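Biologist: I have not looked at this one before. Can you walk me through it?

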Amino acid sequence: FRHVYWSAAQMVSHLSSNGCPLLPGDLLGTGTVSGPAEGARGCMAEWPRTGQRLGPRGFLLDGDTVTIRGRCENSDVPHIVGFGECSGTVHPAPE
């Protein structure tokens, strides 16, 4: 997470100052978190530059499901922190 442009505090401040009703326990998906290494590209649009493959397309379509998993562990601390899985399906835009 050290390579993100905006800190977590800045993202929360921006969201809440623009009327987003953030509540305790909400998950924030930061989007693309690419690193400086050649293979550390988080954005699907960046993958072809490094030879990574998505399959036949490089974007999400209506009906696709995205799953976020989070876990953090540190050898200095005997605890593992995680939130399991959070999934959502892309729905068509309202007409």
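Predicted model: local features only at pLDDT ≥ 70, side-chain atom pairs only at ≥ 80, totals over all residues.

Modeller: We can start with the overall layout and then go to single residues.

Biologist: Which elements have the lowest and the highest mean pLDDT?

Modeller: Strand S1 has the lowest mean, at 79, while helix H1, residues 8–17, has the highest, at 87.

Biologist: In what sense do S1 and S2 pair?

Modeller: S1 and S2 (residues 77–89) pair in the antiparallel sense, over 10 bridges. A hairpin of two residues connects S1 to S2.

Biologist: Which residues stand opposite each other there?

Modeller: Thr65 has Thr89 in S2 as its bridge partner, and Gly70 stands opposite Gly84 in S2.

Biologist: Let's take Thr67. Where does it lie, and what does it touch?

Modeller: Thr67 is in strand S1. Leaving out residues up to four places away in sequence, Thr67 touches Glu85, Cys86 and Ser87.

Biologist: What is the C-alpha separation between Thr67 and Ser87?

Modeller: Their C-alpha atoms are separated by 4.2 Å, although the two residues are 20 residues apart along the chain. The side chains of Thr67 and Ser87 also make a polar contact, at 2.8 Å.

Biologist: Now Arg69: where does it lie, and is it buried or exposed?

Modeller: Arg69 is in strand S1, which covers residues 65–74. Arg69 counts as exposed because its relative accessibility is 61%.

Biologist: What is Arg69 in contact with?

Modeller: Apart from neighbours within four places in sequence, Arg69 is in contact with Phe83, Gly84 and Glu85. The C-alpha atoms of Arg69 and Glu85 are separated by 4.8 Å, with the residues 16 apart along the chain.

Biologist: Changing topic: where does Asp64 lie, and is it buried or exposed?

Modeller: Asp64 lies in the loop between H1 and S1. Asp64 counts as buried because its relative accessibility is 16%.

Biologist: What lies 2.7 Å from a polar atom of the Asp64 side chain?

Modeller: That is the backbone nitrogen of Leu61.

Biologist: What share of the protein chain counts as buried?

Modeller: Of its 95 residues, 5% count as buried. The accessible surface comes to about 7900 Å², and carbon and sulfur atoms hold 57% of that.

Biologist: What about contacts between residues 24 or more positions apart?

Modeller: They account for 23% of the contacts with a separation of 6 or more in the protein chain.

Biologist: Last topic, the cysteines. How many disulfides are there?

Modeller: The count is zero disulfides, with a cut-off of 2.5 Å between cysteine sulfur atoms. Cys20 counts as partly exposed, at 32% relative accessibility, and Cys86 counts as partly exposed, at 32%.

Notes. Residues numbered from 1 in each chain as written. Heavy atoms only, no water. Helix = DSSP H or I, 4+ residues; strand = E, 2+ residues; numbered from the N terminus. Buried < 20%, exposed > 50% of the residue type's maximum accessible area, 1.4 Å probe, protein only. Contact = heavy atoms within 4.5 Å. pLDDT = per-residue confidence, 0-100. Polar contact = N/O pair within 3.5 Å; in protein donor to acceptor, adjacent residues only side chain to side chain. Areas by Shrake-Rupley, 256 points an atom, 1.4 Å probe, with all protein chains shown as cover. Pairing = 2+ DSSP bridges.
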